[in-house]
Amino acid sequence: MHDEPTGNPPALFDAYPRLAERVPHVSIGDWPTPVTCLPQFGAAHDMAAMYCKREDLAHTECGGNKVRGLEFVLADAKRCGTDTIVTLGAAGSNHVCNTAWHARRFGIDTVAVVVDQPPGEYVRRNILRGLDAGTRYIPANYVTLLPKLIVQLLSSRRGEQVGRSYTLPGGGTSPLACLGHVSAAMELKRQIKQGSLPAPDFLYVALGSLGTAAGLALGCKLAGLDTRIVGVVVSYRWYCTAGRWARLARRTHRLVQRLDPTMPDVRIDKSQLTVIGTALGRGYAHPTPSSAQLARELHETEGIQLDGTYTAKALDGAMSFIRQHRLEDKVHLFWQTFHTGAPSTSPHLPIEGIPPHLRRYFD
Ligand SMILES: Cc1ncc(COP(=O)(O)O)c(C=O)c1O
């Protein structure tokens with residue numbers, strides 16, 4: 001069962017107390033996540049001011065950007081009497097692993113329909129943690145993904161479970177989950193007021209399922225921050241468009257306005273958002289040499305570890321953007337979304353305990 005809440009309430013509830021009464025929420029993360037300056041890395045790139053928001057530290061054991069959305073989604077799942085979350089993703093998805101890990105603490109199981117992806121250290125770690133949290137992994141490919149998801153949902157609705165199943169889209173992204181990132185922007189505003197950093201001119205974030213970026217875009221508007229949000233495509237270029245990103249931010253805005261009619265009107269359109277598609281390389285989860293080099297550099301200079309699928313590419317896209325537009329004298333903020341689990345916290349499973357379709361990641 002769930003331990004005592006570990007964190008402070010989300011900054012969103014301070015700014016809009018009515019929401020606290022109307023939105024389901026459970027405390028999971030450690031808020032606020034720290035902001036750190038990156039003086040050596042910045043100096044090496046002739047930059048005046050480079051900062052990092054440490055979303056990796058959102059939870060000591062299972063942090064990263066997904067924690068913020070899970071505080072709302074798991075509360076909603078609990079409210080619905082759910083005993084199983086059904087979701088989809090890549091085999092080593094952070095979303096699947098984080099959902100299963102935290103859901104287990106609320107007595108909720110996870111079924112994940114998963115597609116193959118390039119192997120990697122974090123993929124193995126996530127699969128092991130997911131299995132340790134009781135996740136049932138169903139193999140699929142891009143053709144069978146949706147039919148298999150529907151089969152899982154129907155079978156759970158036919159009464160094979162005690163409670164109701166709850167569907168989570170890929171990446172765990174929905175307007176409800178985006179509220180976590182709206183809150184992150186309000187938290188950032190507070191940190192700026194407290195003097196932890198100057199108001200950033202630019203904020204860089206990985207674009208996977210767009211939830212983090214959409215919540216931040218809305219949150220910055222509501223918080224009165226004039227920061228330009230730059231999203232770096234790390235999943236699919238056809239999916240990560242400024243139009244889809246802006247639409248998700250507007251849907252999230254409509255949700256909060258429904259819940260709290262005092263919520264101000266703000267305008268979000270695609271022209272306010274910048275998408276960088278050049279750091280993706282061969283595709284989702286395929287590492288690129290330039291991003292690996294930057295990740296090494298950041299680790300050596302500032303001790304911050306990135307991953308090759310999301311954050312190293314986000315930093316790569318950010319640095320190209322800064323160079324290309326000669327923005328070295330501006331204030332930049334990098335959104336560090338990847339939790340580096342200490343290897344000692346990864347469970348060990350004998351190979352026989354790993355479903356056959358997932359064993360190839362351990363070869
Ligand atoms: C470490 C990490 N960073 C960034 C992202 C992208 O976030 P979003 O899916 O909200 O766009 C993900 C998504 O899975 C992630 O796992």
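Val230 of strand 8 is the bridge partner of Tyr204. The model is predicted, so that local features require pLDDT of at least 70 and side-chain atom pairs count only at pLDDT 80 or more, while totals for chains, interfaces and linings use all residues. Residues are numbered from 1 along each chain as its sequence is written. Helices (H or I, at least four residues) and strands (E, at least two) are DSSP runs, numbered from the N terminus.

Together with helix 9 (residues 211-223), strands 7 and 8 make a right-handed β-α-β unit. A crossover is right-handed if, with the strands pointing away from the viewer, the path from the first strand over the helix to the second runs clockwise.

Strand 8 (residues 228-233) is mostly covered, with 5 of its 6 residues buried (20 or more other C-beta atoms within 10 Å of the residue's own, C-beta atoms being placed from the backbone). Strand 8 is also joined to strand 9 (residues 273-276) by 4 bridges, in parallel, and Ile229 has Leu273 of strand 9 as its bridge partner.

Within strand 5, Arg136 stands opposite Val111. Strand 4, helix 6 (residues 121-132) and strand 5 likewise form a right-handed β-α-β unit.

Terms used:
Buried ≥ 20, exposed ≤ 12 C-beta atoms within 10 Å, placed from the backbone. Pairing = 2+ DSSP bridges.
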